[in-house]
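Hi,

Here is the structure I promised to send over. Have a look at it first, and then read on for what turned up around the aromatic rings.

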Amino acid sequence: MTGPTSETWRRRLRYALALIYAGIGIVHLVAADAMLPLMPDWVPAPRLVILATGLCEIAGAIGLLTRSLRRAAAIGLALYAVCVYPANLKHAFDAVHVDGIPDSWWYHGPRLAFQPVFVWAALWAGGVIDWPVRRR
């Protein structure tokens with residue numbers, strides 16, 4: 001008996017990422033003010049940027065589940081994960097407290113380490129790359 005194919009795993013990852021990004025996008029929209037302390041000082045119009053990223057996350061989640069938009073959504077979410085990294089670094093290294101988000105390195109360490117995994121996951125789930133699992 002064989003296990004799930006890479007396409008099955010790719011589909012499962014798409015659904016998981018869509019759920020994660022849609023949820024985080026909603027949080028960005030409803031709690032934008034709470035996230036303002038995370039924004040680096042050089043970001044212009046930080047509240048607007050938070051709201052825009054929330055909309056981008058939701059659009060990316062929908063796009064991952066829409067065949068004709070999947071590749072573009074995957075690339076957009078991968079770029080998004082790269083672009084928010086400075087805010088994640090500020091959150092960790094400046095010890096910025098935000099209610100509802102842990103302050104410990106048990107949270108920040110894995111979050112920072114796994115950001116490249118989120119880049120890969122979006123690209124693989126969206127069919128942009130095949131590494132490390134090649135299509136047969």
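Start with Arg-10: its charge sits over the face of Trp-124, 4.6 Å from the ring centre. Arg-12 does likewise with Trp-9, lying over the ring face at 4.8 Å from the centre. Bear in mind that this is a predicted model.

Back to Trp-124, which also has a ring partner. The ring centres of Trp-120 and Trp-124 are 5.5 Å apart and the planes are at 15°, so the two are stacked, the cut-off being under 30 degrees. Both tryptophans belong to helix α6, four residues apart, which is about one turn of the helix. As for accessibility, Trp-124 is buried at 5%, while Trp-120 is partly exposed at 24%.

How many aromatic pairs are there by the distance rule? The count is four. Another of them is Tyr-21 with Phe-118, an edge-to-face pair with 6.4 Å between the centres and 80° between the planes. This pair joins distant parts of the chain: Tyr-21 is in helix α1 (residues 6–30) and Phe-118 in helix α6 (residues 105–125), 97 residues apart.

Is Tyr-21 buried or exposed? Its relative accessible area is 4%, so Tyr-21 counts as buried, the limit being under 20%. Phe-118 has 30% relative accessibility and is partly exposed. Tyr-21 and Phe-118 also share one aromatic cluster with Tyr-80.

Cheers

Key:
Residues numbered from 1 in each chain as written. Predicted model: local features only at pLDDT ≥ 70, side-chain atom pairs only at ≥ 80, totals over all residues. Heavy atoms only, no water. Phe/Tyr/Trp six-rings, centres within 6.5 Å; stacked < 30°, edge-to-face > 60°. Helix = DSSP H or I, 4+ residues; strand = E, 2+ residues; numbered from the N terminus. Buried < 20%, exposed > 50% of the residue type's maximum accessible area, 1.4 Å probe, protein only. Lys NZ or Arg CZ within 6 Å of the ring centre and 35° of its normal.
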